[in-house]
Amino acid sequence: MPQISQLMEVYGSQFFWLLIVIGIIYFGIAKNMVPKISKTVDDRQKRISDDLAAAQAGQDKAEQIEADYRVSINNARADAVGKVSDAKAKIAKKNEAAIKRADTAIAKKADEADAALKEAQSKALKEIEAVAADAAQAIVKTVSGAKVTATDAKKAVKAAF
């Protein structure tokens, strides 16, 4: 077969042209395609880095806003607690003053009632002594027939009480 016998004669030249075509393709890709691909990869990597940096900056800003929010909430809470404490203290002072006034009024009324009670007790005791002296005078006169004076009867009743 003539094709097979030509194969060895043409083999060297075909191999030579194959190497030249592969070299041209290799250098064409290396000079034209690789820089474009590298630039695309570098641009993509830069965009990813920039996006990550922007995301990190956004997260840092959000954390700062949250920290400021928590500080303002805590300050507002402390302010509210202080105002409530002040209001409680004012109300306690006001109530304390009202209680003191009420205690003073009650003590005054109690003293007046006590004085009135002692006066009434004193009057009642004098009346009881007078009635007891009269009764003792009448009893002695009725039982023994002896006459007792009013002063002696009062002295005897006082000694008995």
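Here is a short chat about the predicted model above.

Me: What should I know about the model and its numbering before we start?
Reply: It's a predicted model, where local features need pLDDT of at least 70, side-chain atom pairs count only at pLDDT 80 or more, and totals for chains, interfaces and linings use all residues. Residues are numbered from 1 along each chain as its sequence is written, and side-chain values use heavy atoms, with hydrogens and water left out.

Me: OK, how many helices and strands does the protein have?
Reply: 2 helices and 0 strands. Those are DSSP runs numbered from the N terminus: helices are H or I with at least four residues, strands are E with at least two. Helix H1 covers residues 2-143.

Me: What does the C-alpha trace span along its principal axes?
Reply: About 190 × 35 × 15 Å. The radius of gyration is 62 Å, while a compact globule of 161 residues would be near 15 Å. That radius is taken over C-alpha atoms, and the globule rule is 2.2 Å times the number of residues to the power 0.38.

Me: What percentage of the protein's residues count as buried?
Reply: 3% of the 161 residues.

Conventions:
Buried means under 20% relative accessible area, exposed over 50%, partly exposed in between (1.4 Å probe, protein chains only).
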